[in-house]
Amino acid sequence: MLILNVLVGYGALYTVIWLHEVGHGLMYSKYDCKGNPFNVNVPFYLFFSTPQPVNIERAQFLTSKQFFHIGMAGIVVNLILGVPLALLLLKIELQVSLFLFFIYSFTLFHLVEAATYLTISNLFLSSDMVTVEQYKPKLRIPLFIIGLGIIALIIMMIIESPNEWRIAYIVSIFIMVLCMGLGRFFFTRKFKSI
């Protein structure tokens, strides 16, 4: 059962990251820099996921406002899917099942991804939050506050999660925060130096 739960949890995380990248892809598509917005790069090991392929030559002519929209699109997808599902899950009586474990994980992982962008990547400027800084730096403050609200929602979900899942969520979220925070920081530094 543990292996099945790990696979289901990984499937939820993979889907969350894929949808985040699709959010970016949709905006690139809107600005005529990408054909199929659902064709994104999310490797099985999850690191270095991107909305590629993107027409780089066309993207060079985008404004800082358009890059801001592209950067925020992934986070908006996380919030649009994560927040309503979290509020719903917190109101219903949970019956432990593999399907509910997927939905609960899917919801939590959306919130964790959004929160890490809005807080960690905001403080240690990296990844999608760079587009916020380049467009309107003062937006980082309200986005950080929203991120703190999302963290409160994550804590509520952990507290309300079934006992059987709680430790696994705490450990997986700790690992996600560490990997996402450090990964984005180093990914941004790597491509800044090129």
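Author: Let's begin with handedness: a crossing is left-handed if the near helix is turned anticlockwise from the far one by less than a right angle, and right-handed if clockwise. Keep in mind that this is a predicted model.

Reader: Thanks! Which hand does the crossing of α1 and α4 have?

Author: The crossing of α1 and α4 is right-handed.

Reader: At what angle do the axes of α1 and α4 cross?

Author: Helix α1 covers residues 2-30 and helix α4 residues 98-118; their axes come within 8 Å and cross at roughly 45°. Angles under 35 degrees count as roughly parallel and 65 to 115 as roughly perpendicular, so α1 is called oblique to α4.

Reader: Which residues of α1 and α4 meet?

Author: Contact is judged by heavy atoms within 4.5 Å. On the α1 side you will find, among them, L4, V8, L13, I17 and H20, and these belong to a set that meets α4 residues including F101, F102, F109, E113 and Y117. Sorted by class, the contact of α1 with α4 has 13 nonpolar, seven polar and one charged residues.

Reader: Now for α4 and α7. How do their axes cross?

Author: The axes of α4 and α7 also come within 8 Å, with a crossing of roughly 150°. Angles over 145 degrees count as roughly antiparallel, and therefore α4 is roughly antiparallel to α7. This crossing of α4 and α7 is left-handed.

Reader: Which residues make that contact?

Author: From α4 come Y104, T107, L108, L111, V112, A115 and L118, while α7 supplies residues including L143, F144, I150, I154 and E160. By class, the contact of α4 with α7 has 14 nonpolar, two polar and one charged residues.

Reader: I also noticed I155. Where is its place?

Author: I155 is in helix α7, residues 140-160. Between I155 and L108 there are 9.7 Å in space, C-alpha to C-alpha, and the two are 47 residues apart in sequence.

Reader: Is I155 buried, partly exposed or exposed?

Author: Buried means under 20% relative accessible area and exposed means over 50%. I155 has 45% relative accessibility, so I155 counts as partly exposed.

Key:
Residues are numbered from 1 along each chain as its sequence is written. This is a predicted model: local features need pLDDT of at least 70, side-chain atom pairs count only at pLDDT 80 or more; totals for chains, interfaces and linings use all residues. Side-chain values use heavy atoms; hydrogens and water are left out. Helices (H or I, at least four residues) and strands (E, at least two) are DSSP runs, numbered from the N terminus. Buried means under 20% relative accessible area, exposed over 50%, partly exposed in between (1.4 Å probe, protein chains only). Axes are lines fitted to C-alpha atoms, for helices over the stretch in contact, and angles run from 0 to 180 degrees between N-to-C directions. Ala, Val, Leu, Ile, Met, Phe, Trp, Tyr, Cys and Pro count as nonpolar, Asp, Glu, Lys and Arg as charged, and the others, Gly among them, as polar.
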